[in-house]
Amino acid sequence: MRMVDLIHKKQHQKELSTEEIQWMIEQYTNNEIPDYQMSAMLMAIYFEDMTDAERGALTMSMVKSGDEIDLSQIKGVKVDKHSTGGVGDTTTLILAPLVASVGVPIAKMSGRGLGHTGGTIDKLEAIPGFHVELSQEEFVKQVNEHKVAVIGQSGNLTPADKKLYALRDVTSTVDSIPLIASSIMSKKIAAGADAIVLDVKTGAGAFMKTPEDARNLADAMVKIGNHVGRNTMAVISDMSQPLGFAIGNALEVQEAIDTLKGHGPADVVDLCLTLGSQMAHLAGVGKDLDEARDLLEANLHNGKALEVFKTFVAAQGGNPDVADDPDLMPKAAYQTEVLAHKDGYVAELVADQLGVASMMLGAGRATKESEIDLAVGLVLHKKVGDKVSKGEALLTIHSNQQEIPDVEEKIWECITIADEAKPLPLIYDILA
Ligand code: URA
Ligand code: CA
């Protein structure tokens, strides 16, 4: 096989075979195909797209390019959840114990964050003692014993995707549905997922700015999943304003704990029950989505989800008393309220810019090397559509510096108060 022939084929709208795609990805991973030829292929895919069969083959070739996590020693269907990323998204911290509480094994690998706040792993480290470095054996053992474990990325997963992503970044080919969809799906499958629930965000704080773009990406991922034998469902959810009230690491852990106690913010609860019922349903719990949702909702109110959270935290070395004593987590030195300057309704809380404000406080990493301040962040008191009176607190800034004029200025750029405003929808669509 010659790469130049494959580029020519794709350039002329001919379908690449599974063998051709496998060969190309294997050779590229082994540095046998140079970046300049792969760049030409990526650009051809960008313009000519890929068929369902090609997308499936690309996904599985990337899975096979490196290690795959073997979860076969865990009984039951292993369901994973993936979010395309947003601001203040605490759902994994809630979903892991919540879905485990109805008997579904949750063996989750999560990342650290680059950007607004930390990733799930950073957030969990706000719990004193909590550690994420488990061996493969310990990981599997913990899920078998306690139904849930969350660890950091380990092993050499999807090296082809890492190499391709870096090349896409410098050849203006990131923004391609078949390439994004296969990239995301390959990582979930390599991490051992039998079934996958996707939370595709849309709005200012998301990668996909419109519901239509988000739906196209979700549809592509659901088709890939079903093509390669992994049951996949997707939710299109709003990220034009932050999810819930808290943005910041320890602040989001607290929000997760409140939700597991049955008094979370309405949007967080609704999104977790929607995603959770899909996860439970794909794992065979409940006769339909409604029954799965009822079981999960009951466990948010009867203490069972919180109990699993405590067991999970303790199993990974953390202090389970954080569930009842927020003072055990890092706490910022200063709390400053931002007050409404007039009466009206909150019309805008621009998610990505509020994320930037949190990062300026130190909640997120500007570069891979930055240290995160787990204590700082923002807590909203109002959401879009809420009524406010002049002088009422819109949000509280939690900071470790007394003077933060640049952050306050940034925050004012994110907030609009108008004479009228409607609440935003949370869920735009569900795909199965
Ligand atoms: N996230 C991914 O993991 N891959 C992409 O290609 C884009 C976003
Ligand atoms: Ca939140």
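**Entry 1**

I looked up Phe309 and found it buried, at 2% relative accessibility; buried means under 20% relative accessible area, exposed over 50%, and partly exposed in between, with a 1.4 Å probe and protein chains only. This is a predicted model, where local features need pLDDT of at least 70 and side-chain atom pairs count only at pLDDT 80 or more, while totals for chains, interfaces and linings use all residues; side-chain values use heavy atoms, with hydrogens and water left out. Residues are numbered from 1 along each chain as its sequence is written, and chains are lettered from A and ligands numbered from 1 in the order in which they are written.

Next I checked Phe312, and that residue is buried too, with a relative accessible area of 2%. Both Phe309 and Phe312 sit in helix α14, residues 304–315, and they are 3 residues apart, about one turn of the helix. Helices here are DSSP runs (H or I, at least four residues), strands are runs of E with at least two, and numbering starts at the N terminus.

**Entry 1: Aromatic pairs**

How many aromatic pairs are there? I noted 3. For a pair, rings of Phe, Tyr and Trp (its six-membered ring) have centres within 6.5 Å; planes under 30 degrees apart count as stacked, over 60 as edge-to-face and the rest as tilted.

Tyr46 and Phe47 make an edge-to-face pair, 5.1 Å centre to centre with 80° between the planes. Tyr46 is partly exposed at 34% relative accessible area, and Phe47 is exposed at 60%. Phe309 and Phe312 are also edge-to-face, with 6.4 Å between centres and 65° between planes. I then saw that ring pairs link Phe130, Phe309 and Phe312 into a cluster.

**Entry 2: The calcium ion**

Which residues give the protein donors of the calcium ion (ligand 2)? I found Gly88 (O), Leu243 (O), Ala246 (O) and Glu255 (OE), lying 2.3 to 2.5 Å from the ion. Donors are N, O and S atoms within 2.8 Å of the metal (3.2 Å for Na, K and Ca), and water is not among the atoms, so sites may look incomplete. Along the sequence, the donor residues are spaced G-x154-L-x2-A-x8-E. Of these, I looked up burial for Ala246, which is buried at 4%, and Glu255, which is buried at 5%.

**Entry 3: Cavities**

I counted 4 cavities of 30 Å³ or more. A cavity is a set of points on a 1 Å grid over the protein atoms alone where a 1.4 Å probe fits but cannot get out, and lining residues have an atom within 4 Å of a point.

The largest cavity holds about 70 Å³ of space. Its lining includes Val79, Asp80, Thr92 and Met279, and β1 (79–83), α5 (91–100) and β2 (106–110) each supply at least two lining residues. The second largest cavity holds about 50 Å³, with Leu71, Lys188 and Gly192 among its lining residues.

**Entry 4: Tyr36**

Last, I visited Tyr36 in helix α3, residues 35–48. Tyr36 is exposed, with a relative accessible area of 65%. Tyr36 and Thr171 are 135 residues apart in sequence and 10.0 Å apart in space, C-alpha to C-alpha.

Technical notes. 1 Å grid on protein atoms, 1.4 Å probe; cavity = no way out; pocket = protein on both sides within 12 Å on 5 of 7 lines; lining within 4 Å. Points joined across faces, edges and corners; volume = space filled by probe spheres on them.
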